[in-house]
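Visitor: Could you walk me through this one? I'd like to begin with the terms before we get to any details.

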Amino acid sequence: MNLAEYHPLFTDNLQVVNIELGAGCGNFGQIYYPECFITDMETKSKLDEICTNHFVTISCDARNIPCESNRFKNIIMCNPYGYGFKDRRDYTFLNELYRVSLNEANIIILTSGVNRFATPDKVKIRIKDYNLEHSTTRFMFDYQEIDSEKDYEGYNFFTTNRRKTFPKFKIALKCLKA
Ligand SMILES: C[S@@+](CC[C@H](N)C(=O)[O-])C[C@H]1O[C@@H](n2cnc3c(N)ncnc32)[C@H](O)[C@@H]1O
(Lines give C-alpha, C1' and ligand atoms only; values in the text may rest on other atoms or scores of the structure.)
Protein backbone atom coordinates (compact mmCIF):
# COMPACT_ATOMS: atom_id res chain seq x y z
CA MET A 1 0.00 0.00 0.00
CA ASN A 2 1.21 3.49 -0.80
CA LEU A 3 0.90 5.24 2.56
CA ALA A 4 1.38 8.67 1.01
CA GLU A 5 -1.80 8.16 -1.01
CA TYR A 6 -3.77 6.38 1.67
CA HIS A 7 -3.00 8.66 4.61
CA PRO A 8 -1.44 11.82 3.22
CA LEU A 9 -1.57 13.61 6.58
CA PHE A 10 0.86 11.23 8.27
CA THR A 11 3.50 11.67 5.62
CA ASP A 12 2.96 15.22 4.37
CA ASN A 13 2.45 17.03 7.62
CA LEU A 14 5.77 16.26 9.23
CA GLN A 15 5.59 19.16 11.66
CA VAL A 16 2.84 17.27 13.52
CA VAL A 17 4.73 14.87 15.79
CA ASN A 18 2.00 13.99 18.28
CA ILE A 19 -0.69 11.34 17.93
CA GLU A 20 -3.59 10.22 20.10
CA LEU A 21 -4.64 6.58 19.79
CA GLY A 22 -8.12 5.23 20.58
CA ALA A 23 -9.50 8.74 20.98
CA GLY A 24 -13.14 7.69 20.47
CA CYS A 25 -15.30 10.80 20.67
CA GLY A 26 -12.56 12.75 22.45
CA ASN A 27 -9.72 15.06 21.48
CA PHE A 28 -7.49 15.09 24.57
CA GLY A 29 -4.35 15.20 22.41
CA GLN A 30 -5.48 18.23 20.44
CA ILE A 31 -6.10 20.13 23.67
CA TYR A 32 -3.10 19.10 25.78
CA TYR A 33 -0.50 18.14 23.15
CA PRO A 34 -1.16 20.36 20.13
CA GLU A 35 -0.73 19.80 17.28
CA CYS A 36 -1.87 16.22 17.37
CA PHE A 37 -3.36 13.63 15.04
CA ILE A 38 -6.54 12.16 16.52
CA THR A 39 -7.13 8.48 15.68
CA ASP A 40 -9.38 5.59 16.64
CA MET A 41 -10.01 2.13 15.26
CA GLU A 42 -13.67 2.94 14.57
CA THR A 43 -14.52 4.33 11.16
CA LYS A 44 -15.47 7.97 10.93
CA SER A 45 -19.01 7.04 9.84
CA LYS A 46 -19.44 4.83 12.93
CA LEU A 47 -18.14 7.65 15.14
CA ASP A 48 -20.58 10.04 13.41
CA GLU A 49 -23.32 7.71 14.66
CA ILE A 50 -22.16 7.23 18.25
CA CYS A 51 -20.61 10.60 19.11
CA THR A 52 -22.31 13.97 19.47
CA ASN A 53 -19.07 15.27 18.03
CA HIS A 54 -15.76 13.64 17.15
CA PHE A 55 -12.34 14.75 15.97
CA VAL A 56 -10.85 11.65 14.38
CA THR A 57 -8.90 12.44 11.24
CA ILE A 58 -7.59 8.94 10.62
CA SER A 59 -9.14 5.59 11.53
CA CYS A 60 -6.45 3.12 12.48
CA ASP A 61 -5.64 0.23 14.76
CA ALA A 62 -3.24 1.32 17.49
CA ARG A 63 -1.32 -1.91 16.85
CA ASN A 64 -0.83 -1.14 13.17
CA ILE A 65 -0.36 2.58 12.66
CA PRO A 66 -0.18 3.45 8.95
CA CYS A 67 2.93 5.60 8.98
CA GLU A 68 6.65 5.41 8.57
CA SER A 69 8.95 4.50 11.49
CA ASN A 70 10.51 7.08 13.85
CA ARG A 71 7.62 9.47 13.42
CA PHE A 72 6.22 10.68 16.77
CA LYS A 73 7.45 12.60 19.79
CA ASN A 74 4.33 12.20 21.94
CA ILE A 75 1.93 9.25 21.72
CA ILE A 76 -1.12 9.68 23.88
CA MET A 77 -3.88 7.30 24.89
CA CYS A 78 -6.70 7.79 27.36
CA ASN A 79 -8.48 4.79 28.85
CA PRO A 80 -7.14 2.27 26.32
CA TYR A 81 -9.61 -0.58 25.98
CA GLY A 82 -9.53 -3.36 23.40
CA TYR A 83 -5.82 -2.75 22.93
CA GLY A 84 -2.94 -2.19 25.32
CA PHE A 85 -1.02 -4.30 27.79
CA LYS A 86 -3.46 -7.03 28.80
CA ASP A 87 -1.80 -10.13 27.41
CA ARG A 88 1.49 -11.47 28.64
CA ARG A 89 4.02 -12.08 25.87
CA ASP A 90 1.91 -10.28 23.27
CA TYR A 91 4.28 -7.54 22.21
CA THR A 92 2.41 -6.43 19.06
CA PHE A 93 1.41 -3.13 20.59
CA LEU A 94 4.76 -2.39 22.24
CA ASN A 95 6.58 -3.25 19.02
CA GLU A 96 4.37 -0.78 17.16
CA LEU A 97 4.88 1.93 19.78
CA TYR A 98 8.62 1.37 19.54
CA ARG A 99 8.57 1.46 15.73
CA VAL A 100 6.70 4.76 15.37
CA SER A 101 8.46 6.52 18.29
CA LEU A 102 11.30 8.94 17.83
CA ASN A 103 14.22 8.48 20.18
CA GLU A 104 13.16 9.80 23.62
CA ALA A 105 9.49 9.91 22.61
CA ASN A 106 6.96 10.07 25.42
CA ILE A 107 4.11 7.61 25.59
CA ILE A 108 1.41 9.01 27.86
CA ILE A 109 -1.34 6.75 29.16
CA LEU A 110 -4.23 7.98 31.31
CA THR A 111 -5.92 5.07 32.99
CA SER A 112 -7.82 3.81 35.99
CA GLY A 113 -6.68 1.32 38.60
CA VAL A 114 -9.06 -1.35 37.27
CA ASN A 115 -8.63 -1.17 33.49
CA ARG A 116 -7.19 -4.58 32.69
CA PHE A 117 -5.69 -3.22 29.47
CA ALA A 118 -3.50 -0.71 31.30
CA THR A 119 -3.22 -0.63 35.08
CA PRO A 120 0.13 0.80 36.20
CA ASP A 121 1.12 -2.59 37.68
CA LYS A 122 0.35 -4.40 34.45
CA VAL A 123 2.13 -1.90 32.22
CA LYS A 124 5.16 -1.99 34.51
CA ILE A 125 5.42 -5.78 34.24
CA ARG A 126 4.96 -5.76 30.47
CA ILE A 127 7.68 -3.15 30.06
CA LYS A 128 10.05 -5.09 32.29
CA ASP A 129 9.45 -8.29 30.27
CA TYR A 130 9.74 -6.44 26.97
CA ASN A 131 13.06 -4.86 27.94
CA LEU A 132 14.37 -8.23 29.15
CA GLU A 133 13.28 -9.84 25.87
CA HIS A 134 15.37 -7.28 23.97
CA SER A 135 18.24 -7.26 26.48
CA THR A 136 18.09 -3.48 26.54
CA THR A 137 15.94 -0.70 27.94
CA ARG A 138 13.59 0.13 25.09
CA PHE A 139 11.12 1.88 27.39
CA MET A 140 11.50 3.48 30.79
CA PHE A 141 8.44 3.34 33.02
CA ASP A 142 7.07 5.90 35.41
CA TYR A 143 3.64 6.81 36.71
CA GLN A 144 1.86 9.18 39.03
CA GLU A 145 -1.55 9.49 40.61
CA ILE A 146 -3.67 12.24 39.12
CA ASP A 147 -6.89 14.03 39.92
CA SER A 148 -8.29 14.13 36.41
CA GLU A 149 -11.32 16.23 37.39
CA LYS A 150 -8.96 18.93 38.60
CA ASP A 151 -5.95 18.43 36.32
CA TYR A 152 -8.07 18.27 33.15
CA GLU A 153 -11.03 20.29 34.35
CA GLY A 154 -13.94 20.32 31.95
CA TYR A 155 -12.63 17.46 29.81
CA ASN A 156 -14.86 14.37 29.68
CA PHE A 157 -13.35 10.88 29.42
CA PHE A 158 -15.55 7.96 28.40
CA THR A 159 -15.61 4.19 28.69
CA THR A 160 -16.37 2.08 25.62
CA ASN A 161 -20.01 2.07 26.80
CA ARG A 162 -20.05 5.87 26.77
CA ARG A 163 -20.15 6.19 30.52
CA LYS A 164 -18.09 8.97 32.04
CA THR A 165 -14.84 7.78 33.61
CA PHE A 166 -12.17 9.52 35.65
CA PRO A 167 -8.59 8.35 35.07
CA LYS A 168 -6.64 7.98 38.32
CA PHE A 169 -3.15 7.46 36.92
CA LYS A 170 -0.88 8.98 34.33
CA ILE A 171 1.69 6.49 33.06
CA ALA A 172 4.72 7.89 31.27
CA LEU A 173 6.93 5.69 29.11
CA LYS A 174 10.11 7.06 27.58
CA CYS A 175 11.28 5.33 24.42
CA LEU A 176 15.03 4.88 24.08
CA LYS A 177 16.46 4.06 20.67
CA ALA A 178 20.00 5.31 20.70
C1 LIG B 1 -12.68 3.30 26.61
S2 LIG B 1 -12.76 4.10 25.05
C3 LIG B 1 -11.81 5.56 25.42
C4 LIG B 1 -12.13 6.70 24.51
C5 LIG B 1 -11.36 7.99 24.81
N6 LIG B 1 -9.96 7.81 24.70
C7 LIG B 1 -11.70 8.51 26.18
O8 LIG B 1 -10.92 8.35 27.12
O9 LIG B 1 -12.79 9.13 26.32
C10 LIG B 1 -11.62 3.10 24.08
C11 LIG B 1 -11.50 3.51 22.63
O12 LIG B 1 -10.50 2.70 22.03
C13 LIG B 1 -10.91 2.35 20.72
N14 LIG B 1 -10.19 1.12 20.33
C15 LIG B 1 -10.47 -0.16 20.66
N16 LIG B 1 -9.57 -0.98 20.13
C17 LIG B 1 -8.70 -0.21 19.43
C18 LIG B 1 -7.54 -0.47 18.67
N19 LIG B 1 -7.08 -1.72 18.49
N20 LIG B 1 -6.89 0.56 18.10
C21 LIG B 1 -7.34 1.83 18.27
N22 LIG B 1 -8.44 2.15 18.98
C23 LIG B 1 -9.10 1.14 19.56
C24 LIG B 1 -12.41 2.21 20.81
O25 LIG B 1 -13.02 2.37 19.54
C26 LIG B 1 -12.76 3.33 21.79
O27 LIG B 1 -13.04 4.52 21.10
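Guide: A residue is called buried if 20 or more other C-beta atoms lie within 10 Å of its own, with C-beta atoms placed from the backbone. This is a predicted model, in which local features need pLDDT of at least 70 and side-chain atom pairs count only at pLDDT 80 or more, while totals for chains, interfaces and linings use all residues. Residues are numbered from 1 along each chain as its sequence is written.

Visitor: OK, so which residues of strand E1 are buried?

Guide: In strand E1, residues 18–21, Asn18 and Glu20 are buried on one side and Ile19 and Leu21 on the other, so that both faces are covered; strands here are DSSP runs of E with at least two residues, numbered from the N terminus.

Visitor: And which way does E1 run against E2?

Guide: E1 and E2 (residues 36–40) pair in the parallel sense over three bridges, where pairing requires that DSSP finds at least two bridges between two strands. Within E2, isoleucine 38 is the bridge partner of glutamate 20.

Visitor: How many bridges join E1 to E4?

Guide: Four bridges join E1 to E4 (residues 72–78), and these strands run parallel; in E4, glutamate 20 has isoleucine 76 as its bridge partner.

Visitor: Switching topic, how many of the 178 residues count as buried?

Guide: Of the 178 residues of the protein, 33% count as buried.

Visitor: What about overall dimensions, what box do the C-alpha atoms fill?

Guide: Taken along the principal axes, the C-alpha atoms fill a box of roughly 45 × 40 × 25 Å.

Methods: Buried ≥ 20, exposed ≤ 12 C-beta atoms within 10 Å, placed from the backbone.
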